[in-house]
Amino acid sequence: MIFTRWSAKLPGTQRRAAARSGRAAPRAAAAAPLADASAASGSGSVPAARAEGAADRAADGTNPATADEPVPATAPPTVDALSVHDILGTLPALVAVVYGPEHRIAYVNGAYATVFGPRPAGRTAREALPELDELGLLPLLDQVLRGGTPRTVKSRRVPGGAGPDGSRDGYYTFTCTPIEVTDSGPAPGPEAACGAPHHGVLIFGADVTDQIESAERLRVSEARQRAAAVTLQRSLLPQELEQPDDLRVAATYQPGGTDAAVGGDWYDVITLGAGRTALVIGDVMGRGVRAAAVMGQLRTAVRAYARLDLPPHEVLQLLDGLAAEIDASQIATCVYAVHDPNEGRLVYASAGHLPILVRDPDGTVRRAAEPTGPPLGTGGWLHTSGSVPFGPGCSAVLYTDGLVERRDKDIDDGVEALERALSGATGAPDIVCDRLLRSLGITAAHDDDVAILTLQHPERTGHDAELFHNAALELHGGTEAAPRARAFASGVLTSWRFAPELHDLGVLAVSELVANSLQHGTPPMRLRLRRTDRRLIIEVTDGDDHLPRRRRAEPADEAGRGISIVATIASSWGSRRTPGGGKAVWCEFALPRG
């Protein structure tokens with residue numbers, strides 16, 4: 001018994017070999033007198049060889065003037081006489097042959113027996129080849145036998161199938177090919193026998209262990225690189241958000257895709273003093289270390305500019321010039337907003353960023369309207385600030401385009417979907433972040449970075465409301481302004497039940513700030529006291545926009561010590577220009593934890 005022979009077809013070579021063998025005797029007879037003649041003339045046998053080659057080329061139909069390849073002395077060997085059994089036995093791949101509807105064993109080669117052990121011929125695959133069932137190949141054999149089409153399964157794990165001693169698992173790709181097993185002679189060995197021609201299947205297992213292990217090492221390496229990239233990205237973001245007294249805030253960041261490229265999304269919450277809070281979110285377009293580096297520099301710059309307590313549009317104006325200096329080829333968008341609990345509004349400016357969404361207590365969602373300018377780094381644009389009401393019970397969301405942008409939809413559709421999701425999103429800010437992600441279909445496989453910053457201005461009732469108070473006094477100038485301010489402050493601090501020491505420090509700070517405003521400022525003047533659950537805030541505003549600064553007073557100076565006294569007794573102090581012209585000077589006292 002042998003298998004259907006596989007032979008290499010070499011028509012041109014075989015045809016020329018047959019022609020030469022048929023002409024060998026006449027050529028030999030004809031060559032003898034030529035050789036004798038050549039020997040007699042001393043010219044050798046070259047003419048005879050040339051004549052013979054020309055005759056061969058003429059018989060083959062080739063051009064005798066151009067074909068100059070050497071003619072082999074004997075015909076080349078063919079593979080027709082080689083035994084398929086011997087060929088398969090020398091292959092390092094796993095080879096098995098089964099026949100019939102029960103897939104009886106006709107043959108297994110040495111490599112197969114080394115991995116799975118010897119297999120007796122004539123037995124069914126289900127009882128004698130249990131590994132095929134474990135590898136899921138038995139149904140495949142049925143399909144190949146019925147359909148007559150080769151089928152392949154890739155990267156099947158074979159326990160102990162790798163290494164000379166089977167010390168580690170191997171992986172093989174199996175190809176099942178339909179063949180005919182025929183009885184045309186004696187069996188080549190006791191392990192291969194069948195009684196009659198049958199349709200069978202050749203099972204060929206190629207060892208792909210090295211490829212699988214290399215792919216796994218590459219996957220592990222890429223996973224490490226991605227983890228390092230995400231760690232880098234997160235390290236550039238705030239490790240812990242500042243929690244203002246009057247707002248509840250939460251943020252989330254989800255890296256996009258599965259590659260190791262980091263993105264340029266960022267957010268931040270910055271307490272400005274006097275109860276005011278800056279909220280910022282931005283996006284550097286593109287991915288990679290360069291985008292992350294630009295993002296880190298912009299975020300650091302925003303925190304520095306925020307400490308100047310400038311209006312939002314002035315912060316973006318400064319940031320615009322810096323972005324062009326950092327990397328003119330990078331495009332970045334940003335929105336910067338400031339919340340003042342005394343005003344009940346969000347004042348913001350946008351540089352090409354998506355609009356802030358504000359949810360009212362009744363669930364109505366509004367988009368923060370213009371103004372918005374071009375992205376950062378473009379230059380030549382004067383940014384302006386806008387505002388949106390944001391009182392108790394309101395919430396807002398700042399976000400990057402990865403949350404709402406899809407390749408097959410307009411970005412306005414995504415913003416509208418976010419509006420619908422926000423209208424029904426209730427709960428703490430971190431819960432709202434999670435709900436927005438789920439509502440917009442953001443999963444781990446999302447291909448773009450997503451950053452969300454959610455803030456709420458809670459409505460305070462009961463005991464919580466007792467910890468938050470406001471009091472204000474209009475100052476009309478004159479000699480009675482300072483005593484009137486001190487008396488007002490003393491009464492308010494007493495009603496708020498502050499300890500005597502904090503009461504006295506508060507009255508002293510009010511006296512110094514009011515005196516400074518009376519001396520250097522212009523009407524209108526106003527004193528405002530604010531108490532939160534964590535601090536006492538004192539603020540004096542007037543109509544002059546000259547900001548005070550702390551300086552060292554000489555012993556002979558009669559003035560110049562007011563700001564130094566305030567800075568010494570208070571936890572912090574600062575000043576800023578107000579939008580309508582003028583300035584505000586404030587200080588804070590931290591309340592003891594009770």
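In this predicted model, the largest pocket is lined by 20 residues. Asp340, Glu343, Arg576, Thr578 and Pro579 lie nearest its centre. Several elements give two or more residues to this lining: helix 10 (312-326), strand 10 (332-340), strand 11 (345-351), strand 19 (525-531) and strand 21 (572-577). Strand 10 supplies the largest share, 3 residues. The volume of the largest pocket is about 520 Å³.

Domain 2 (237-457) and domain 3 (463-590) each give at least three residues. By residue class, the lining holds 9 charged, 6 nonpolar and 5 polar residues. Two of the residues nearest the pocket centre, Asp340 and Arg576, also belong to a network of salt bridges.

Salt bridges were then searched for across the whole structure, and 27 were found. Side chains of opposite charge can pair when their charged atoms come close.

Glu102 and Arg104 form a salt bridge through their side chains, at 2.7 Å from N to O. Glu102 has a relative accessible area of 45% and is partly exposed. Arg104 is also partly exposed, at 30%.

A second salt bridge joins the side chains of Arg157 and Asp169, with an N to O distance of 2.4 Å. Arg157 lies in strand 4 (residues 151-162) and Asp169 in strand 5 (residues 168-182), so this pair ties together parts that are 12 residues apart in sequence. Arg157 is partly exposed, with a relative accessible area of 46%. Asp169 counts as partly exposed at 25%.

Arg367 is partly exposed, at 35% relative accessible area. Glu419 has a relative accessible area of 18%. Buried means under 20%, so Glu419 counts as buried.

Asp430 was examined separately. Helix 12 (residues 429-439) contains Asp430. Its relative accessible area is 43%, and Asp430 is thus partly exposed. Asp430 and Arg248 are 182 residues apart in sequence. In space, their C-alpha atoms are 9.5 Å apart.

Notes
Residues are numbered from 1 along each chain as its sequence is written. This is a predicted model: local features need pLDDT of at least 70, side-chain atom pairs count only at pLDDT 80 or more; totals for chains, interfaces and linings use all residues. Side-chain values use heavy atoms; hydrogens and water are left out. Helices (H or I, at least four residues) and strands (E, at least two) are DSSP runs, numbered from the N terminus. Buried means under 20% relative accessible area, exposed over 50%, partly exposed in between (1.4 Å probe, protein chains only). On a 1 Å grid over the protein atoms alone, a cavity is a set of points where a 1.4 Å probe fits but cannot get out, and a pocket is an open set with protein on both sides within 12 Å along at least five of seven lines; lining residues have an atom within 4 Å of a point. Grid points are joined across faces, edges and corners, and a volume is the space filled by probe spheres set on the points. Ala, Val, Leu, Ile, Met, Phe, Trp, Tyr, Cys and Pro count as nonpolar, Asp, Glu, Lys and Arg as charged, and the others, Gly among them, as polar. Domain bounds come from an automatic or database domain assignment. A salt bridge is a side-chain nitrogen of Lys or Arg within 4 Å of a carboxyl oxygen of Asp or Glu.
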